[in-house]
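Reader: I would like a close look at one part of this model. Please keep it brisk and go residue by residue.

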Amino acid sequence: MPDAEGHPSPEEMELQAVMKALSDPMRYLVVATLAAQPEGTERSCTSFGLPVSKSTRTHHFRVLREAGLVRQVDRGNSRMAQLRRADIESRFPGLLKLITDSPGPVV
């Protein structure tokens, strides 16, 4: 069962949900950007510069969170996103390497 913020445990992360989350170019860009940064990096959702409205950006991060790809934490008046690197690697070994090695989508 996901925690109170909607983060599934590693055992609850489903490949179909992860692949669906990554199928959108903007969500893929968020994961690829975080995967290329040092472990533990937190970024505000607005810092990715996604060319969408606030409500659409919120939707994209909800999909990523519910798939288990990111952990979101409130920091003051900002919502920060952090890649769940260890959880992804333990559940889907090699997935992040495939993402960082690929040229990525055009947004």
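Are F48 and F61 buried or exposed?

Author: This is a predicted model. F48 and F61 are both buried. Each has a relative accessible area under 20%, the cut-off for that word.

Start with the two rings. F48 and F61 form an aromatic pair. The count of such pairs comes to one. The centres of the F48 and F61 rings are 5.8 Å apart, and their planes stand at 45 degrees. That makes the pair tilted. The cut-offs explain the label: planes under 30 degrees apart would count as stacked, and over 60 as edge-to-face.

Now place the partners. F48 is in the loop between strand 1 (42–44) and helix 3 (54–67), while F61 is in helix 3 itself. The two are 13 residues apart in sequence, so their pairing ties together the loop and the helix.

The charged end of R43 sits over the F48 ring. The distance from that end to the ring centre is 4.2 Å.

Follow helix 3 next, to the largest pocket. Helix 3 gives the most to the lining of this pocket, with six residues. Strand 2 (70–75) and strand 3 (78–83) also supply at least two residues each. In total, 15 residues line the pocket. Nearest its centre lie C45, K54, R57, T58 and R79. The space inside is about 310 Å³. By class, the lining of the largest pocket has seven polar, six charged and two nonpolar residues.

The structure holds one cavity of 30 Å³ or more. The largest cavity has a volume of about 30 Å³. Its lining is made up of L34, P38, E39, G40, T41, Q82, L83 and R85. Three of these residues are nonpolar, three are polar and two are charged.

L96 belongs to helix 5 (residues 95–101). Its relative accessibility is 5%, so L96 counts as buried. L96 and A32 are 64 residues apart in sequence. In space, their C-alpha atoms are 7.9 Å apart.

Note on methods. Residues numbered from 1 in each chain as written. Predicted model: local features only at pLDDT ≥ 70, side-chain atom pairs only at ≥ 80, totals over all residues. Heavy atoms only, no water. 1 Å grid on protein atoms, 1.4 Å probe; cavity = no way out; pocket = protein on both sides within 12 Å on 5 of 7 lines; lining within 4 Å. Points joined across faces, edges and corners; volume = space filled by probe spheres on them. Nonpolar A, V, L, I, M, F, W, Y, C, P; charged D, E, K, R; others polar. Helix = DSSP H or I, 4+ residues; strand = E, 2+ residues; numbered from the N terminus. Buried < 20%, exposed > 50% of the residue type's maximum accessible area, 1.4 Å probe, protein only. Phe/Tyr/Trp six-rings, centres within 6.5 Å; stacked < 30°, edge-to-face > 60°. Lys NZ or Arg CZ within 6 Å of the ring centre and 35° of its normal.
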